[in-house]
Structure formats: C-alpha cells, structure tokens
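Hi everyone, thanks for making the time. I'd like to walk you through one protein structure today, so please have a look at it first.

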Amino acid sequence: MESNFNKPQRQSSIGVLVMFFETLRQYIRAFWPVFVIWIFKFNEINKLYFFLGILVVFIGVAIISYLKYLNFTFYLDHENDEFIINEGIFNKTKTTIQLDKIQQVNINQSLIQRIIGVYALDVDTAGSNTKEGKIKAISHLLALELKSSLLENEKKLKNIQIEEDLTSPSIVIEHPFIKISFLSLLKVGITSNYIKSFSLLMLFFFTVSDYIEKFTGKDVIHDGDIENYVDGNLIIQTFLIAIVFLICSVLIINLGRIIFKYFDYKITKQKGSLLLSFGLINTKSTIIKPEKVQITTISRNYFQKKMNILELKIKQATGGEKEERKSIIEIPGCNQRESNEILKLFFKKIPTKGVMLKPNFRKLVFSIFLSIVLPLTAFFIFGNYVEEQLLNFAYLTPIYAVFVGLILYFGFRNYRLFINNDFIIKQSGAWDIDNEIIQPMKIQAITTSQLFWHKNADIGYLTLHTAGGNLAFQLGDYTKIKEYVNLWLYEIEISDSNWM
C-alpha cells in the first residue's frame with residue numbers, strides 16, 4: 001500500500017533514538033577537549049558533580065532530540081510540484097525543494113540506524129553545497145516509496161504519464177543486473193589508491209606520535225635512543241623489513257577501506273535509471289538518472305587491465321569543488337562488459353574516441369622544471385647554506401629525478417584530448433589512466449586562453465565548464481581548439497536537452 005505523502009507526516013517514532021545519538025555526537029564533537037580533561041583529571045574532580053553533570057547532559061540531549069522529532073515533518077505538494085520539510089525547535093525552518101530540480105536521492109543506513117532498524121534519506125539538488133533535505137529515521141519501504149515519488153514527479157512528465165505512474169505500484173522489485181563480487185573488490189583493493197592509503201597511514205602515525213609526545217614527553221620520531229634498539233650491522237635488514245611492513249600496511253588499509261565501503265555492491269535498472277546499493281557497516285542506496293550525469297570517468301591501470309577490472313566515477317551537478325569531491329559516485333571492480341552496459345544506459349551507445357589533440361612538448365619541459373629542477377635546486381641551496389646534514393642524502397637525488405621523470409614522461413605520453421560529434425574524451429594519468437567523458441550539449445561555459453609567448457607556437461589552454469566540474473586541456477593546438485569551441489557553442493545553443 002502506497003503511503004500518502006500529500007499530508008505532513010513525522011519520521012518513525014523510534015527515530016527519536018537516532019536523533020538522540022546524533023545530538024549527543026554533535027555535543028561530544030563540540031566539547032571533546034572538556035571531556036578529555038575530565039577523563040585525565042578524574043581523580044581530582046568531585047565525583048558527585050561529575051555524574052550529575054553527565055546526567056543533566058543526557059536529559060538535556062533527550063529533551064532536545066524529542067523536540068526535534070516532534071517538530072520535523074515532510075510532505076509533497078503536488079499542486080506546486082514541491083517537496084517541503086519543516087523543522088526546528090525555536091527557529092522554525094521551512095525548506096521547499098522543486099521536484100524538477102532534484103538531482104539525486106540517497107538512502108543510507110549508519111551502524112546506529114541499522115541497530116534501530118531505520119534508514120536516512122538525503123535529497124540533493126544541483127547548485128548547492130549541502131544536501132537540501134535530510135530525513136534521518138524512516139522505514140526502508142517508506143524511504144523507497146518517497147524516493148520513487150521524488151524522482152518521478154517532474155514537470156516534463158505531467159499529464160497522463162504522471163497519473164499512470166502514481167496510480168501504479170511505486171515500488172517494483174527488480175533483480176540486480178550487475179553485482180560486484182567480493183573477488184573483484186579484492187582486486188581493486190590490491191591495485192589502486194596506494195597514495196591515499198599511504199597518506200592515511202602516515203596521518204595516523206604522526207597523530208599517534210604527537211599524542212605520545214604530549215602525554216609522555218618523549219619524541220618517538222626523533223628519539224636519540226632509537227639507535228640503541230637497532231644493531232648497526234642490521235640497518236639494511238631493518239630498513240627492508242620496514243619497507244615490507246609499510247607495503248603490507250598500505251595494502252591492508254586499502255583492502256579494508258574498499259571492502260567496508262563497497263561490500264555487496266549491486267546495480268539495478270529501475271525505470272531507465274540506475275539504483276546503486278552498497279556498504280558493510282554504513283549502507284548506502286542511491287539512484288542516478290542518465291540525463292543528469294555530467295562527467296563519466298573510466299579509470300584503469302596495468303594490473304587492472306590484466307585482471308579485466310576497471311573503476312567508473314560519475315559526477316552529477318554540484319555546488320562547488322568541495323561538494324564535487326564528496327558527491328562523486330564510484331563503481332569499483334566492474335569488468336569491460338559491465339562497464340559497456342552502464343555506458344550504454346548513460347549515453348545510448350558506447351563512447352568512442354575521435355580526432356586526437358596532443359599537447360605541445362613545452363608541457364613536458366615545464367613539468368620537469370617545476371617537479372625536478374626547482375626542488376633539487378632548493379635542496380642543494382638549503383643543504384649548502386642552511387643545513388649541511390641534508391647533503392648526506394644527496395645520493396638519493398638521482399633516484400628522485402629518474403622516478404619523477406618517468407612519471408612525468410608517461411603522464412605526458414598519455415595526455416590526450418579526443419573529439420567526435422557526440423563525445424569529448426580527455427585521457428590523462430601516468431599509472432592510473434583516466435578517460436573523462438562529457439557530451440558537448442552538457443557544457444555550461446568554455447574558457448580559452450593563450451599566453452603571449454605561446455602565440456608563435458600556436459598553442460593555448462582550453463577549459464570546459466560543466467555543472468559537475470571542469471575539464472581542462474593544456475597547451476594544445478590553439479587553432480583547432482578555437483574551431484571546436486565554435487562548433488560546441490553552436491551545439492549548446494541549439495540543444496534542448498533536459499540535463500538538469
């Protein structure tokens with residue numbers, strides 16, 4: 001039986017527990033330094049006042065949570081095609097969302113929500129830095145029905161089509177046409193995101209070291225006694241063991257992150273859209289509409305190619321660079337056939353590469369200057385005039401130069417722009433090769449520029465602005481770039497596509 005969203009309704013009654021834990025988490029994040037001081041000085045403070053204070057905080061949070069639950073209502077205004085949310089305790093807020101502006105609807109479930117048995121629903125529209133509508137505690141069936149209603153009620157689908165859709169059952173159970181296996185996730189975990197995992201490991205190490213130094217007064221990193229723990233004859237062996245340990249740690253972190261985030265990844269076709277659901281602890285369910293997709297990126301490296309897996313990244317309209325990074329939808333571990341199925345759903349056909357534009361050799365020269373010449377020059381200047389001990393590591397500079405040089409060379413060799421009548425594809429990357437795909441009709445603005453010392457070489461810069469981010473190509477043939485810009489501007493002018 002379909003729920004009636006025409007009248008204001010509250011969240012699930014048990015959802016007050018979700019609001020309680022959410023409010024408690026906010027207070028803990030705001031006052032965690034005070035709590036830390038209380039913990040370390042527990043023996044010095046009055047125990048009665050301490051526990052009374054804790055009790056008062058819990059009672060206050062419970063009252064605030066109940067008032068939040070009581071004042072939170074949501075409903076659909078079919079006459080004006082709007083989704084309306086009312087909330088607030090003292091300052092009342094009314095959020096009105098136009099149905100035809102809704103970009104994405106996500107159904108999520110955190111660990112607390114899973115224990116309680118409710119789901120959260122987020123509504124996102126184009127051009128905003130935040131999720132406009134957030135419902136934190138409703139049943140799964142109600143969330144699916146509301147999501148279906150929000151995404152089906154568009155202005156372009158008025159008349160008989162909407163009446164037929166609304167009178168028919170809103171929830172159609174369909175089987176996933178793509179399911180990312182656990183083995184595919186393992187393959188992704190051992191072949192990608194090394195830098196991200198290494199950064200997380202280093203961040204954790206330095207954070208722990210900093211806390212140890214604060215509470216013990218010992219500097220773990222620069223401890224002069226550390227050499228006493230390692231025999232001078234075993235330095236090389238110790239170094240090799242440390243490298244192996246680091247590599248294993250990075251792989252374990254990467255595997256854990258991939259499995260926890262993307263476990264049981266299912267993709268289902270739902271009335272011309274894609275329903276994605278995944279997650280081990282915090283589950284997420286999101287639906288994307290092909291016409292709303294702005295940039296689709298296919299990412300693959302050498303190992304992934306041999307294992308017949310790749311990663312898809314989908315960008316829809318966002319409200320800024322920070323939100324752009326957060327709103328990227330990733331599909332990891334699908335094979336070539338599954339990728340083609342998804343691309344055909346998005347674009348009605350598989351994108352092909354057309355005319356190729358190459359960057360001028362000056363791009364490679366400038367990259368070498370910035371990434372090799374300048375850093376090594378600064379290193380030797382600083383070592384000669386400021387800290388002579390740095391020169392003890394001068395033997396590593398050729399290794400650095402060769403390693404970075406190879407990355408820059410392969411990055412330059414893979415840097416291409418492919419253009420045909422239906423697609424623009426930018427290829428980039430040294431190890432992970434990314435192919436970013438956009439359709440000319442979804443371009444919002446185009447920027448071209450040329451430095452005066454590039455005029456004789458007839459090279460310049462191109463930036464294509466879309467609602468999902470920018471696509472830039474540097475130091476290409478400027479005459480050809482201007483020709484294609486004129487063509488794209490004409491296509492944008494005559495296009496009547498509804499992609500927002």
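**The cores**

Let's begin on the inside: the largest nonpolar core has 30 residues, and Y265, I267, L274, L276, I331, I342 and F346 are those with the most contacts inside it. By nonpolar core I mean a set of buried Ala, Val, Leu, Ile, Met, Phe, Trp, Tyr and Cys residues joined through side-chain atoms within 4.5 Å. Buried stands for under 20% relative accessible area, exposed for over 50%, and partly exposed for in between, with a 1.4 Å probe and protein chains only.

Which elements give two or more residues to this core? They are β7 (178-180), α6 (182-191), α8 (235-262), β8 (265-270), β9 (273-278), β12 (310-315), β13 (329-334) and α11 (336-347). Of these, α11 gives the most, with 5 residues. The names come from DSSP runs numbered from the N terminus: helices are H or I with at least four residues, strands are E with at least two.

Before going further, please keep in mind that this is a predicted model, where local features need pLDDT of at least 70 and side-chain atom pairs count only at pLDDT 80 or more, while totals for chains, interfaces and linings use all residues. Residues are numbered from 1 along each chain as its sequence is written, and side-chain values use heavy atoms, with hydrogens and water left out.

Now zoom in on I331. Not counting residues up to four places away in sequence, I331 touches Y265, I267, L310, E311, L312, I314 and I342; a contact here is heavy atoms within 4.5 Å. Apart from this core lies another one, of 24 residues, with V105, I135, I138 and L151 among them.

**An open sheet**

Next, find the three strands in the order β1-β2-β3: they form an open sheet, and the pairing is antiparallel. Two strands pair if DSSP finds at least two bridges between them. Why is one side of β1 and of β3 left without a neighbour in the sheet? Because β1 (73-77) and β3 (93-98) stand at the edges, each with a single partner strand. From one strand to the next, the twist averages 15°; the angles run from 0 to 180 degrees between N-to-C directions, and the axes are lines fitted to C-alpha atoms, for helices over the stretch in contact.

Between β1 and β2 (residues 82-87) there are 5 bridges. If you want one to click on, L76 has F83 in β2 as its bridge partner.

**A hairpin**

Staying with strands, move along to β15. It runs antiparallel to β14, joined by 3 bridges, and V355 stands opposite I419 in β15. On to the next strand: β15 and β16 form a hairpin with 4 residues between them, and they pair in the antiparallel sense over 4 bridges. In β16, I424 is the bridge partner of I419.

Are the faces of β15 covered or open? Both are covered: R416 and F418 on one side, and L417 and I419 on the other, are all buried.

**Salt bridges**

How many salt bridges are there? The count comes to 6, where a salt bridge is a side-chain nitrogen of Lys or Arg within 4 Å of a carboxyl oxygen of Asp or Glu.

One of them joins R25 and E22 at 2.5 Å, N to O. These two are 3 residues apart in helix α1 (residues 15-40), so about one helical turn separates them. R25 is partly exposed at 36% relative accessible area, and E22 is partly exposed too, at 21%.

Then look at D422 and K349, whose closest N and O atoms are 2.5 Å apart. This pair links distant parts of the chain, 73 residues apart: D422 is in the loop between β15 (416-419) and β16 (424-428), and K349 is in the loop between α11 and β14 (355-357). Finally, K179, D264 and K266 are linked in a network of salt bridges.

That's my tour, and I'm happy to take questions.
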